[in-house]
Amino acid sequence: MALLITKRCINCDMCEPECPNQAIAMGAEIYEINPDLCTECIGHYDEPTCMKVCPIDNTIIHDPAHKESNEQLWDKFVLLHHSDKL
């Protein structure tokens, strides 16, 4: 499932540069994650880097509105980064 940045976000700018899919951008008030680009770092890292670097606990969570299996996240990674080879 894609990740979600909650209202606990303090706009510290730690997560945006860590995202290998460029899924994180500044929204109207806080950073937001584009669920179409978020793979929870599958294909890049063992765990989501945005969650690791966020200084506020439980600010970045699994988005219940965008449930995806690891296989679906892997397929999204392949389309995002290797579609030219398909």
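**Core, cavities and local features**

The largest nonpolar core has 15 residues, and among these I5, C15, I24, I33 and I60 touch the most other members. A nonpolar core here is a set of buried Ala, Val, Leu, Ile, Met, Phe, Trp, Tyr and Cys residues joined through side-chain atoms within 4.5 Å. Strands β1 (3-5) and β3 (31-33) each give this core at least two residues. Helices (H or I, at least four residues) and strands (E, at least two) are DSSP runs, numbered from the N terminus.

This is a predicted model: local features need pLDDT of at least 70, side-chain atom pairs count only at pLDDT 80 or more, and totals for chains, interfaces and linings use all residues. Residues are numbered from 1 along each chain as its sequence is written, and side-chain values use heavy atoms, with hydrogens and water left out.

Take I33 next. Leaving aside residues up to four places away in sequence, I33 touches L3, L4, I5, A23, I24, C38 and I60. Contact means heavy atoms within 4.5 Å.

Now the cavities. The count is two cavities of 30 Å³ or more. On a 1 Å grid over the protein atoms alone, a cavity is a set of points where a 1.4 Å probe fits but cannot get out; lining residues have an atom within 4 Å of a point. Grid points are joined across faces, edges and corners, and a volume is the space filled by probe spheres set on the points.

The largest cavity has a volume of about 80 Å³. Its lining consists of L3, C19, N21, A23, I24, I33, L37, C38, T39, E40, C41 and C50. By class, nine of these lining residues are nonpolar, two are polar and one is charged. Ala, Val, Leu, Ile, Met, Phe, Trp, Tyr, Cys and Pro count as nonpolar, Asp, Glu, Lys and Arg as charged, and the others, Gly among them, as polar.

The second largest cavity holds about 70 Å³. I5, C9, I10, N11, C12, M14, C15, C54, I56, T59 and I60 line this cavity. Nine nonpolar and two polar residues make up the lining, with no charged residues.

Turn to the backbone. Most residues other than glycine have a negative phi. D13 has a positive phi, near 70°. D13 sits in the loop between β1 and β2 (24-26). With a relative accessible area of 42%, D13 is partly exposed. Buried means under 20% relative accessible area, exposed over 50%, and partly exposed in between (1.4 Å probe, protein chains only).

C41 is not a glycine, yet its phi is positive at about 70°. C41 lies in the loop between β3 and α1 (49-53). C41 counts as buried because its relative accessibility is 6%. C41 is also one of the residues that line the largest cavity.

T6 belongs to the loop between β1 and β2. T6 is buried, at 18% relative accessible area. Its contacts, not counting residues up to four places away in sequence, are I30, N58, T59 and I61.

Last, the aromatic rings. The structure holds one aromatic pair. W74 and F77 form this pair, tilted, at 5.0 Å centre to centre and 40° between the planes. Rings of Phe, Tyr and Trp (its six-membered ring) pair if their centres lie within 6.5 Å; planes under 30 degrees apart count as stacked, over 60 as edge-to-face and the rest as tilted. Both residues lie in helix α2 (residues 70-82), three residues apart, about one turn of the helix. W74 is partly exposed at 43% relative accessibility, whereas F77 is buried at 6%.

Definitions and conventions: 1 Å grid on protein atoms, 1.4 Å probe; cavity = no way out; pocket = protein on both sides within 12 Å on 5 of 7 lines; lining within 4 Å.
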